[in-house]
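Biologist: I would like to go through this structure one question at a time. Please end each reply on the value or name I ask for.

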Amino acid sequence: MAGADGTAAPASDRSIPAAWPSTLHGRITYSTRAGDIWVINANGTGRRRVTRSGHGLDFDPDFAPDGKRIVFRTSRGRYARDRYSIGLEGIFVADVRTRRERQIQPWTGGLFPAWSPDGRTIAFSGLRSDGAPVDTIQLMSPTGAGRVDLGAPGECATWSPDGSLLAYCSHGGDGNWAVWVMRPDGSGRHQLTHPRLVPPAGANGDAPADWSPDSKRILYSSVVKGDREIFVMNADGSDHRRLTRWRGGDSPGSWLPDGRIVFGHFRGSEPLPHWYLMRPDGSHVRSLPWLYGAGDPLDWLTRR
């Protein structure tokens, strides 16, 4: 079976059977090592390239709720030099059918774009509106207009399915990333995880990935004894539960409407993850060999 980048997919672990393609629905968008954005049906069919990055790098794609457009981060485009080394680059929106692109980020750049469930807004991290060397969670329309700085220092914003909350990662200047939540108007900021700082500062800590379909739980990752593992907690920060205990790095992806969780696992120094499904208690793991070659993160669009 071909992988997500057209190369041969590796044989699945004998101890981990492959998921049945007929049980998987929706579309997936992802980046490859070549730097382009692709889409594929969840069952492994219909693979199609959307962007051609040339000498650039397109990554971190996120579907619009209707699946017609994809927002992504890219090294392409015109934006100011990232003088604080935050990672600020271009943010583009591409039409899946026509492949037409539009650059939408502010002149100072952005990162971590995430489309709201109602399709009207894109959350991202950008340089604070007063120019201070801090990136904050901000909002803009899918055209790049109407930018609003919510004032919350942080990155990796992810919307709850009902659109009422944003989970994001933040730290108070010490590099100890923790998971926070707030309302989309910037109010009600609340810290949910309290990790222990593990040097080097900024390299570890916690980061949210997705919400349960009912918006009651949050999927996130945390570093445990040098390995990044997957956890789940209630939306109020209670009842933290660890789901993975594998050597290497585990990256939580999407929480599907049927309750299964998509995640990537990095083995040793391998540059690309192997992709899997599991139940929300960490059991019944199944491999997704046709996604080998898909970079992390990916976005799995389904009708919730």
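Biologist: Which residue in E5 is the bridge partner of phenylalanine 63?
Modeller: This is a predicted model, and the pairing is read from it. Strand E4 covers residues 58-63, and strand E5 covers residues 69-74. The two strands run antiparallel and are joined by 4 bridges. The partner of phenylalanine 63 in E5 is isoleucine 70.

Biologist: Which residue in the hairpin of E4 and E5 takes a positive phi?
Modeller: The hairpin has 5 residues between the strands. A positive phi near 75° is found there at glycine 67.

Biologist: Is E4 largely enclosed or exposed?
Modeller: A residue counts as buried when its relative accessible area is under 20%. In E4, 5 of the 6 residues are buried.

Biologist: How many residues of strand E13 are buried?
Modeller: Strand E13 spans residues 166-170. Leu166, Tyr168 and Ser170 point one way, and Ala167 and Cys169 point the other way. In a regular strand the side chains alternate between the two faces of the sheet. Both groups in E13 are buried, so the strand is largely enclosed by the rest of the structure, and the count is 5 of the 5.

Biologist: Which residue in E14 stands opposite alanine 167?
Modeller: On one side, E13 is joined to strand E12 (residues 155-159) by 3 antiparallel bridges, with threonine 158 as the partner of alanine 167. E13 also pairs in the antiparallel sense with strand E14 (residues 178-182), over 5 bridges. In E14, the residue opposite alanine 167 is valine 181.

Biologist: What phi does glycine 163 have in the turn between E12 and E13?
Modeller: E12 and E13 form a hairpin with 6 residues between them. Glycine 163 lies in that turn, and its phi is positive, at about 75°.

Biologist: Which are the edge strands of the open sheet?
Modeller: The sheet has 4 strands in the order E3-E2-E1-E24, with antiparallel pairing. Within it, strand E2 (residues 37-41) pairs with E3 over 2 bridges, and valine 39 stands opposite arginine 48. An edge strand pairs on one side only, and that holds for E3 (48-49) and E24 (299-301).

Biologist: How far apart in space are arginine 279 and glycine 146?
Modeller: In sequence, the two residues are 133 residues apart. In space, C-alpha to C-alpha, the distance is 39 Å.

Biologist: What is the radius of gyration of the protein chain?
Modeller: The chain has 0 helices and 24 strands. For 304 residues the globule rule gives 19 Å, and the chain comes close to that, so it is as compact as a globular protein of that length. Its C-alpha trace spans about 55 × 45 × 35 Å along the principal axes. The radius of gyration is 18 Å.

Biologist: How far apart are the mean positions of the positive and negative charges?
Modeller: The protein chain has 38 positive and 32 negative charges. The distance between their mean positions is 4 Å.

Notes. Residues numbered from 1 in each chain as written. Predicted model: local features only at pLDDT ≥ 70, side-chain atom pairs only at ≥ 80, totals over all residues. Heavy atoms only, no water. Rg over C-alpha atoms; globule rule 2.2 N^0.38 Å. Lys, Arg positive; Asp, Glu negative; His and termini not counted. Charge placed at Lys NZ, Arg CZ, Asp CG, Glu CD. Buried < 20%, exposed > 50% of the residue type's maximum accessible area, 1.4 Å probe, protein only. Pairing = 2+ DSSP bridges.
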